[in-house]
Every structure is written in C-alpha cells, then in structure tokens.
Number of protein chains: 4
Amino acid sequence: MMKLKWGMIGGGEGSQIGPAHRLGAQADGNFELVAGALDHDAEKGRKYAESLGISPDRAYGNWRDMLAAESAREDRVDLVTVATPNATHFEITKAFLDAGFHVLCEKPMTMTVEQGEEIVQVAEEAGKICAVNYCYSAYPMVREMRHMVAQGEIGKVRLVVTNFSHGHHGDATDADNPRVRWRYDPEMAGVSGQFADCGIHALHMASFIAGDEVRELSADFASAIDSRVLEDDAMVNFRMEGGTVGRLWTSSVAIGRQHGFDIQVFGETGGFRWASEQPNQVYYTPVGGRTQIMEKGENGLSDEATRLSRVAIAHPEGFPLAVANIYVDLAAAIRGGSSGNLPNAVDGVRSMAAVYAAVASAKERGKWVDARPPMFR
Amino acid sequence: MMKLKWGMIGGGEGSQIGPAHRLGAQADGNFELVAGALDHDAEKGRKYAESLGISPDRAYGNWRDMLAAESAREDRVDLVTVATPNATHFEITKAFLDAGFHVLCEKPMTMTVEQGEEIVQVAEEAGKICAVNYCYSAYPMVREMRHMVAQGEIGKVRLVVTNFSHGHHGDATDADNPRVRWRYDPEMAGVSGQFADCGIHALHMASFIAGDEVRELSADFASAIDSRVLEDDAMVNFRMEGGTVGRLWTSSVAIGRQHGFDIQVFGETGGFRWASEQPNQVYYTPVGGRTQIMEKGENGLSDEATRLSRVAIAHPEGFPLAVANIYVDLAAAIRGGSSGNLPNAVDGVRSMAAVYAAVASAKERGKWVDARPPMFR
Amino acid sequence: MMKLKWGMIGGGEGSQIGPAHRLGAQADGNFELVAGALDHDAEKGRKYAESLGISPDRAYGNWRDMLAAESAREDRVDLVTVATPNATHFEITKAFLDAGFHVLCEKPMTMTVEQGEEIVQVAEEAGKICAVNYCYSAYPMVREMRHMVAQGEIGKVRLVVTNFSHGHHGDATDADNPRVRWRYDPEMAGVSGQFADCGIHALHMASFIAGDEVRELSADFASAIDSRVLEDDAMVNFRMEGGTVGRLWTSSVAIGRQHGFDIQVFGETGGFRWASEQPNQVYYTPVGGRTQIMEKGENGLSDEATRLSRVAIAHPEGFPLAVANIYVDLAAAIRGGSSGNLPNAVDGVRSMAAVYAAVASAKERGKWVDARPPMFR
Amino acid sequence: MMKLKWGMIGGGEGSQIGPAHRLGAQADGNFELVAGALDHDAEKGRKYAESLGISPDRAYGNWRDMLAAESAREDRVDLVTVATPNATHFEITKAFLDAGFHVLCEKPMTMTVEQGEEIVQVAEEAGKICAVNYCYSAYPMVREMRHMVAQGEIGKVRLVVTNFSHGHHGDATDADNPRVRWRYDPEMAGVSGQFADCGIHALHMASFIAGDEVRELSADFASAIDSRVLEDDAMVNFRMEGGTVGRLWTSSVAIGRQHGFDIQVFGETGGFRWASEQPNQVYYTPVGGRTQIMEKGENGLSDEATRLSRVAIAHPEGFPLAVANIYVDLAAAIRGGSSGNLPNAVDGVRSMAAVYAAVASAKERGKWVDARPPMFR
C-alpha cells in the first residue's frame, strides 16, 4: 500500500508534541512526512523541516505559504496536522479544510464555541475529515470498553467518575516559570486553565465510552496558587443526555500524582476501571461477581481492540502508540474506510461548550448550566 | 494494670458491629466485658450476654434496666458502648452520659443537629468522654499523616480529595432486600442515605488529617436506582475554615469497588495518598521529589503512629485493630491520659450538620450552604 | 461459652511475640490469661505477669515452677504457649505435653530432627494437641486456597513458587548489632540462618496449600555479608511426594523488600497468587480465562474461610488476626472439635528435617537430599 | 538527517516479530525500509515487500539473492535485520557480516556456542555491528538502573533475582497445537525449551544491569506437561565473575502470569525492583530508607535514560518503543556514535553458553557448571 503524504504545521524543534505526531504518523508506515511549516521562525522551521527529510520546496516558512503551494500541487498532502499554539488552531484548521485538505487538529480545536461550530460546518461542507487529537480514546482497551457498553454488557450506564490530575504545577516557587505561567493567564490560555487543558480529555473519554453526550454541568473551580487568575483545580458534576451522572476532577497541584487520568464507569450490570498509567488493563466487574483483569491482546476482545494493538498480550503499548492509533484510523478513513471512532470537530466543539459552561457555572458558584453547543440544543 | 469494666448496648447475636467492638475492646487486654443489654429481645439478649461470660445479674433485658442497675453499683462499668440502631443512639448516649458514664457511640451519633449539640453539652457538663466510632482515624498511618500536617511537613493544606465508594448496593434486583432497602428509606434512615452512611467517615477523615473543619459545602445527590428516595451516590465539594478545598465522592452503586475509602491530601510542599484497603502504607511525595512509600512500623515515625501499631513493619494490621485503637485511646483517656485524638461528640455533631447541609444543598441544586452546627458558627 | 484458661511461657516485657500471642488469644474472647512464667528474670517476669492481671500465685518465676504448680491444680490451664528462645522450645514443650497440657509452640519447634520426632511421639502418647505457630496458614484466603486445591479446582498441582524475603538485615554496618548478629551465628541460631528463620514458613505454606509434603530438595546458600557464618540468602528447589515441583527463595538482604512472603501455586487447570502484605486477596486464574480477584468475605467462599474472617469484605484483617485464628482453632480443638487445619508437631519436625536437608545440600553444592524426617520415610 | 537504508530478512505477512521491527525502525524516522526477503515463499515475500513500499527490484525471493544484489549496489542497505526461524540465524547473520553489512539479529543468535563464537569473530574482523535483539535492555529505566549501578549508587551488587514466567503454554489440551509444540521439541527448538526462549532475556538483563557476566550456574529443569521432552519450567542459580549471586526462574506453565519478566537487584547500599509489565517505573530503596518510585521522564535521570524516552513523565512507553530504542542506538552507532549499550554478538554467545550449561547441569541434577563460552574462560 502506498504511503499517504503528510504535512505538519507547528511541532518544530524542541516541541514535545511534534515528535509524538511524527512517531504516531510514521510508526505503522502509513504516512510519509513530505511538507511542513514547522516554526513561527520561518528560517528555523525550514531548516528543521529539511533535517527531517522534507524537500526544500516543501519546507515552508509559514502556513499561508504552505496552504497556497500545496493547494496548487497535484501531489498535495493527504493530511495536515495542526500542532501550533492553541489560539491559532481555528484559523489554520478552517483554512485547510476550506481548501479541501483533511486535518488533524491538536486540542483545543478552537478558543470559542462559535469558532467550533464554524469548523463543524466547514468540515461538513468540504466533505473533509477534521479529527481532533483526543488520543486517549484510541487505546485498545478504551475502545474495548466503548464496545462493551454499546453491546449492553454493563447495562445502562448510571455513573461515570473520572479524573485527570497531576501535581506538576504544584510548586508555587515555580509558578512564574513561563512554561507554567501562561496556562493560568487568561491573556494566553483563554477562559479556563486546568479544565480546558486536561479536563476536556476526561470529559471526551466519558462521552466516548458511555456513547452519550454531556447535557448540563455544575463546576467548582479553585486557584490553589494565589497568583493564578485561572483555575488550577476543578470539580465538574454533569448529566448526560440519557441521564448518566458524571463526576470529573482535574488538578495540576495534586503533588505526587504524575498523570492521574483514570476513569470508572458503572452500569446496571457491571463496572469498569481504567487508568492511563496502566493502559493495557481494564478491571471489569459484573454485578455480583468478581473483578476480572482484562488484558490488551487477550483472546476474545473486539475486532476494534485487536486491530489497534500491535504486540502480544502483556507486552505493554503506551501513549505514543495511542497517538499512532489516531493515525491508523486517519489512514483508514482517508483510504475510504469508516471514521466512526475518530474524535472529530463535533467532539471539539462539545469540549469548548463544556469549558464555557464550566467557567460560567464556577462564576455563579456551581449553578447548573447547559453544556451543549447551541447547534446541538 | 487492672482491666477496665466494659458494658455494651446492642451488638447482639448476628450483628456485625458487635463482634468488631468485642474484639476491639478485648484485643489489647484493656477492657473486660462485664455488663450488657445486647438485644431488643430481652430474653435473647440475656442469653447471649451469658454466653459471652457476662454474669446473669449484669445481663440486662434493656438499656434502661442497665442504666439503673449499673448506676447503683459501686463497681459500675467504666465505659458503655452504644451499638444499637441509629435512631436510638441519641437517647441512650445522653442518658448514660448524664448518669456519669463514659460512652463510645457508633456513628451517626444522633439523627439531628440539635440532638448532636445537646450531646456535646451533656458530655461537657458531665465531664465524661463521649467518643464516636470514626475508627478509620485510628489507623497508625492516618495518625502519622495528621502528625505530619501538624508539623507543617506538607505546608498549608490546599486540597483534600477523598472518596468512600462501594458497589454493594448496585444490584437493582436486590434493592428490595430489607438489609439494603432501609438505608434509602427516609422513614428508617433519616434525611440522607449513602452520604450519612459512608460519606461522613470521609469527611471526618479530611478534617482529622488537615486539622481543620468544614465551613461550607455544595452537594450533588443522585439515586441511581430509581426506587430509592434517598441518594445512593453523592458528590460534595467543601471549603474548610482555613480555605482548604475539599472534594468528596461517595457511592454504593460503584460496582467493582469493594470499599473505596481513599484520601489524598495536597499541601504547598507535599502530598499524601492513603487507601483503607491497604492501610499500612502512605504514599508521600515532597514537592519536586519522588514518591516515597511510608510503612507502618518503619523507623522514625511519630510516637503516636508507633504507639498504635502492634507488630513489626510489613506485618499488616487491619480494620478490627483500628477499632481496637479507639479502645486503646479510650482506656488511656479513662485512666487519665489525653483524649486528644479520639473522635468525639463535637465530631459527631459536625458530621450531622454536614449531612443536613448536604441534603439542603442537593435540594437546591448545589447551592453552597453553611456546614457548621449553629454552636460553632 | 466459658473462656478457656491460658498460660504463657516467655513473651515478657519488650518481646515482640508476646503481645501478638496475647492479642491472638484474647481477641475473640476464647482464652483468659491466668498463669505465666514470662521472663528468665524471675522477678521481672512475675511483676509483668501481675501487670497483665495474672494473680500472684500463678505468676511464676520459671517454667519448672509453673509446670509443677499447674499440674497440681484442679483449675489448671487448658493451654500453654511456649514463646521462649528457640533452643528451649523442645524441653519445655515436651515437659508440658508429658504432663498432659495442650501446647502451642513457637517455631522452630525444636533444634534437631530427633527432638522433633520425640515431640511427635510424646504428643501422640499424651493425646494432647501440640500446635506450632505457622500462623500464615491461618489467613482466611490461605485456607480458601487449600480448600480449592483439595476440591480439585486447579487440578493436580504442578508447581509452587514461593519466597519469604526481606532486606532488614541488609546493612553490613549494622551486622554486629546483637539483635541481628545472633541469627547468623551457629552458636545461637543452630545450623541455618535465614532459611530456618523465614524459609520454613514458606515451605510449610507450600505443603499446606498443595496438601502434599516435601520429599527431597536441593539448596543454594549464600552469605551476602561476609562476616556471617550462616546463610542470609537461600534458594531451595524441591519435589513433593506427588511430584509437584517447588521453588523457594528466602533472603534477609533484599533491600527494599519489607516482608515478601508470596506464594504462587500453579495446577493443571488454574493458578493462584497470594502475598502476605495484602493477605485479603487471592488472584486466581482458571486456565484460558481471566485473572479474578477473590476477596476475603465475598459470597461463596468455603465455610473454613468464612469462619476465620471477622469483618465484612474489603475491611482488611491482618497478621495479628492470623495469629488469633490459630487460637480460634485451638479453642475449637480443645473444646472437642477438629484440629485438622492446625499446624502441628508433624509440621514442626518436617520443617526441621527440611532445614537439615537444605544445610546438607548447600554444603554439597546443591546435591539433592531426602527432606523427610526418618519417621516418615 | 538522511534516513538510513534498511533491509529485512524474514518478518513476512502474519509474523508477529516483523511488525515490531518495522515499527521500531520507522518510529523515530531513522530508517527507511528499502529492501527485503520477507518470506521463505519467494512470491509471497516479494508481493508483501511491495505492499510495504519496497521497490520491485529490491523485493527479493530469498536472502542469498538479497545478499548478492545488495552487495553489488552502491546504495546498499545500511542495516539488515534477521528475523527468520531460529535455526537460520547463524548462517544468514554470518553471511551478511562477512559481506560488510551491519546486522541486527533476533535472539537466539545461534543454535550452538561454536556458532556464536564464530559470529563474534566474523563481526570483529568485518568491523561491523552485530546487534542481538535483547530489547528489554533498551527501556529507559533499565538503562537508568545500569547507570546507577555503574555509578556505585547501590554499592557492590550482592544479589540479582529475576524471573520471566508466563502461563500461555499451561494448557495440556493445547500442548499439541503446532504453534506451541515446536518449542518443546528438540528437533525444532534445540537443546532447551523455556530457558532458551525466555530465560536468556532475564539472564542478559541481570548481566546488563549488574555490569558483570555469569561465570557458573546450576539448573533444575521440569516438564510440567508430560508429553514435552524439553523443559517448560526452570530454575537457574548462578554466580557472576564478581561474586554476585543470581537466581532466575522461568516458566511457561505459570497460569495467570501474563509475562512476568521482573528483576530485583540488591546491592550493599540499596536495591531495585523493575517489572516489564510496568516498565516506566523503578522501585528504588536506599539501605535504611524508604522505597522511592522513580519515573521515566522525571528530572535528574541520566542522559542515557532521557535520550531513550519520547514523551513526558507518566505518559507510558511500552514494548514496541523498547525495540525502537534498539534502532535508535543502531542508527547512532552506524552514524559513528558509541554502541556501548547495544546488546551484541558477545551477549549472544554468552546466552548460548548459558543455555548449554543449564542443560548440562539439569541433566546432572544441578551440578554447577562453567557457563562461559570457551573464548571467555
């Protein structure tokens, strides 16, 4: 099978997300990096692009040049990944979709709900894929939980309890470090800090596994470090369309937690527990029975879970290969397959609506507010 | 040292709490069971009392007889444990305190805040100990966390995150089982179900470790099983007097969880994690450093933790010995020592105030309400 | 039910094993401590005995006085616990059995195989119980494994892999500390160090769960700290009568391990994993199936496991209550019930034979030697 | 940086090891697959090669054709991976080294010690890299342990305890399944079953971390399933050149274990514990101190560990990226960097010598035998 042609915007030298995307795109041999505008410093970006094997004529100085030039080529890229600073996602993603490119956008897809709704419409009109990198949903065992819920194996989902908490911003003496500070500064981060950064991963996961969407929510925000305007700790209670109760805690001052992205899903006839730090196992308990340890790669899993796992049972696969699974799905969808499980622009706008709802709720001390984008009310 | 004389009300044949108290009182040789009114069926209670070695003249048919007779004896019991149905705790506890007995009351201490305040006053006037069985606070490693917080080892406590969740009432087909049903029926259980049953243990623990008290709270209640009037799942956000943020989740429909009583405490310079299912370890992380596994019995722990541990490091001690530690503390206090760490009537009334506050908040969709008993406002 | 009368030899002030026995005997109200010769310093022993509530006439200065006096009483003790230094176990145990007392002896029961065989015979002739404190075998979930094996639930046992390893003697600078040194000095400890101290617990457990006995073994001993004559690390391979393969590692220089007493049992149709630091769970895997977490207190366990557990599922019970379970069994046996699962003198002599076999094998660089006492060959 | 040109022998359609190598070579963009002889069925191999993007003129029907053609090209491949059936490794590896290619050979490198010594000499004479895929040694945290030992952070290594045990061949009813059977049949597998298959990974790891080599060993082999000629369970005790004691258990009938590759390393002043199922953590205990959880990606790790980790702390990286790390090291070495940590032909021949030593020892019931290849005695 021919490799697909892939272009990247952002993810230049020294970025953390860049290598993760390159590994994800290349690992399974689906994509070849042929074009890029990798840095806001045009010269630096071109140089780095060439060091990655991109030919000089496709090592662009900025995304507008790339858009123009690639649009004009017969052998234009099949997919563009947008991994630039958050505030630029909307404009770039929209432009490439408009021009007929498939796009994978880093989260958050946009800075406002209105922008999000616009992206949904543009993608639909263009008939192009707009995926958003909620990569945790691409772990094999997460797909397995979604599959089991859809099959009714735990009955109606009563309750989802999730958290995405770490302590890496817990040191007040480090709070002015520029790499940390911008996240809690509304000038740079927008309306929300920790909830918009990590919480929306957990919220997406809740919807993804439950197969349902958030309808309304109530939030309690805190800035544990006083100098911060935006929240570094948040609790969000929510209800899904089908009545499922949700509880989501996210924090960046939980000293000792490395990356506590855990989710528990409780239904009428069973429950699940999954943790991102041990992503290859699911603890599953049928009501009245014993907890069973389900293992990635075991016999009898769904085709979906099996398809996204590369090595045998008990050989752990980790985060970079969850990102790679997003690219596996993208390659399949670009080649004409289903994009059913790919997180997309609708997920992107729902996240943004939830962020704004949580901010509004927190301001009114936990008032319940509609968490849906207007277009889905 | 002479054994102290101990009497029991409730905890008759077939009860679960009875044996736990007897083991707790006897394990370390501090108390001798010499009197009891063990069952609401007088005959059955007397018979069972005698089978436990209580002499016939102190095997009482009801607590009133016991109160009268013991009050009249020179060798009256030193301590009375009240382990009767919840609704009777107030009356019995009050009567024995009034008559000059030390009391250990099962939780909840009372059914209303007013009753709770009355107990506080009665105990104070009588100059007697009124302990309440928040036994989780008596684990050595819980005492160690309290000690470390008091010593400032994690700085100001920013955040406490705790849950006490299980799935043992998650089977809707079993919801009419009388052993389960009463807990969610306001006629029998009072104003709250799961929060009053398990949540208040977690809330007490938060205060106990942080060395601070809950000031206000906001609650979200759910009845996952429709036939239930009272909540079987609750999320409570709170603030302590000193500004600490609290998050407490409690559930009885979390299928697969056995008894998830966990607490995480995050301060300015460090964090803790402790779980009741592995009570002999604390995971402690100094800010910027590695997580360390602290072990019950290790060198260098506080005197308090060392005093309450019986066997060497890595020999686990469990729940019944946490109950026993309450009796160790009671014996010491009765013999004239400090009762500083014993959960007491003030804790009991604070719990009840929190329960009523949570119920009120949940009814008004999460409105923040004062969680303090009037006497402490 | 009347309490049984209990006497203790050894376990004086400051001993670690003494309190564990007192808690074990008292916790469930089966025994009352009425007599004791608690210290080799007669005066100190008597004083301490009285502080524990023993009446002065039964607070003895030495075990010979106690033997004489108790033998002469009508209300003589029902059980004697021997918790003196290892080298004295044989003489005292033998004397009390001879005089018609039931005995619980600390391990090792004797210092030689010949002595062990003598105890077996004396106990049999006297018709008295001689129990040995292999208390790990009294955990409810250990009894459950034994039961499941006996029921054929994992088929023929192919393989037992166990270890009892810690690092508490791993500091060479501390090796001359008298509390550590004696264990590796043949003058005081006998022929073996770590294997005789901890390894025999693991070996007993292997036999107990498999329901089979060790026939022959091959040992590799090491003294990681040079100044030690006896081994501080040992690996013992063995074969049981029925062909089961065994592998046992024991160490006291495994820095970072607190008390790694783990056992894995693998049969034709399933496997188990149990660890003493989390004694309330068994990980059970049927061949071809998922690993299941079995919990102490869950529905459907054997009567034996249920009988020995005091509090509900997920309320952990620990080491002191495993010791207490030995006393539960002793009380039942003394009152005429079965002593089927109580570790006894036969277990004691088998351990000693294994110790001598391991020492002999290690001297001949792992030569396989018969591990059975002559009386069972 | 230009991609290196890479060729593959074996690893055709349906193989498990093939995709792992392709992911490993491609993930970080170091290698481009340009040539291959992927299947013993020439036509099938060519077709599959083309499907992977190999141009038809470099999609070879067998390795001899590939050797001839690639040797003749100016743009010959920089590296050849040998992932064919075990018995062919020697001949192919030798031929390509002889012709001046760098080689990565799957384990076992050869079927005999003599062959292994020949490979060592050929590689040395050719001045080419002959790496062997002991990929577990390429996990960042394994490299960290090796680094710490080399820095003296745990003092002299006293003891290494390791196991590589699973239960995937534990079902006797499945023993005749051809995918399982060949492993225990000397006609196909050679002199050893489970020890040669999994044990040598653990043995290599012991040497790798300790920075020392195995001198002599004593083995106990068992065939738990009777129909097997070769062992499915083995215990190997060993001594390293510097006196370190080793204990290695390997099994394929340990039902319930998925892939228990664990290693514990105990030195004079500290100990480590690492498990392949959770490869991103090391549990480290300084003597007399608390166990610390070291995390991949934490601040302060060695350059070596940092270099081989791609995503931030607490984002797990798994087995396929350990394989990828071997390719990272290969790329660096081919480009002129150090190959110091790459497992190589010397490791390959040492493994084979240990296998033959273990077989000989097991036949003589555990006799200690020299485990070194003649060339290193």
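Analyst: B:Lys296 forms a salt bridge with B:Glu317, with the closest N and O atoms 2.7 Å apart. This is a predicted model. B:Lys296 lies in the loop between strand 13 (291–295) and helix 10 (303–307) of chain B. B:Glu317 lies in the loop between helix 10 and helix 11 (319–334) of chain B. The pair therefore ties together parts that are 21 residues apart in sequence. Both partners fall under the 20% cut-off for buried: B:Lys296 has 2% relative accessibility, and B:Glu317 has a relative accessible area of 3%.

C:Arg143 forms a salt bridge with C:Glu304, and the closest N and O atoms are 2.6 Å apart. C:Arg143 belongs to helix 6 (residues 140–150) of chain C and C:Glu304 to helix 10 (residues 303–307) of chain C, so the bridge ties together parts that are 161 residues apart in sequence. C:Arg143 and C:Glu304 are both buried. In chain A, salt bridges with shared partners join A:Asp57, A:Arg58, A:Glu70, A:Arg73 and A:Asp75 into one network.

A further pair in chain B has another setting. B:Asp197 forms a salt bridge with B:Arg183, the closest N and O atoms being 3.1 Å apart. B:Asp197 is in helix 9 (residues 194–210) of chain B. B:Arg183 is in the loop between helix 7 (178–181) and helix 8 (186–189) of chain B. The two are 14 residues apart, and the pair links distant parts of the chain. B:Asp197 counts as partly exposed at 23% relative accessibility, and B:Arg183 does too, at 24%. Over all chains, the structure holds 124 salt bridges.

Over all chains, the count is zero. D:Cys105 is in no disulfide; its nearest cysteine sulfur, that of D:Cys130, is 6.2 Å away. A disulfide needs the two sulfur atoms within 2.5 Å. D:Cys105 is buried, with a relative accessible area of 0%. D:Cys130 counts as buried too, at 4% relative accessibility.

Back in chain B, helix 4 (residues 89–98) is mostly covered, with seven of its ten residues buried. Those are B:His89, B:Phe90, B:Ile92, B:Thr93, B:Ala95, B:Phe96 and B:Leu97. Their cover includes strand 1 (4–10), helix 3 (63–72), strand 3 (79–83), strand 4 (102–105), helix 5 (113–126) and strand 5 (130–132) of chain B. After helix 4 of chain B comes B:Gly100, with a positive phi near 90°.

Next, the symmetry. Chain D superposes on chain C by a rotation of 180° with 0.0 Å of shift along its axis, at an RMSD of 0.1 Å. That is the relation of a two-fold axis. D:Gly366 comes closest to the axis among the residues of chain D, at 3.1 Å for the C-alpha. The same surface serves both copies, since 100% of the contact residues of chain D recur in chain C.

Last, annotation and confidence. UniProt lists residues 142–272 of chain A, in an unreviewed entry, as "domain: GFO/IDH/MocA-like oxidoreductase". The end C-alpha atoms of that span lie 10 Å apart, and the span is 26% helix and 34% strand. Chain A has a mean pLDDT of 96, and 100% of its residues reach 70 or more. For the complex, the predictor gives an ipTM of 0.96 and a pTM of 0.97.

How values were computed. Residues numbered from 1 in each chain as written. Chains lettered and ligands numbered in written order. Predicted model: local features only at pLDDT ≥ 70, side-chain atom pairs only at ≥ 80, totals over all residues. Heavy atoms only, no water. UniProt positions renumbered as here; feature names shortened; annotations may be inferred. Helix = DSSP H or I, 4+ residues; strand = E, 2+ residues; numbered from the N terminus. Buried < 20%, exposed > 50% of the residue type's maximum accessible area, 1.4 Å probe, protein only. Contact = heavy atoms within 4.5 Å. Least-squares fit on C-alpha atoms with pLDDT ≥ 70 in both. pLDDT = per-residue confidence, 0-100. Salt bridge = Lys/Arg side-chain N within 4 Å of Asp/Glu carboxyl O.
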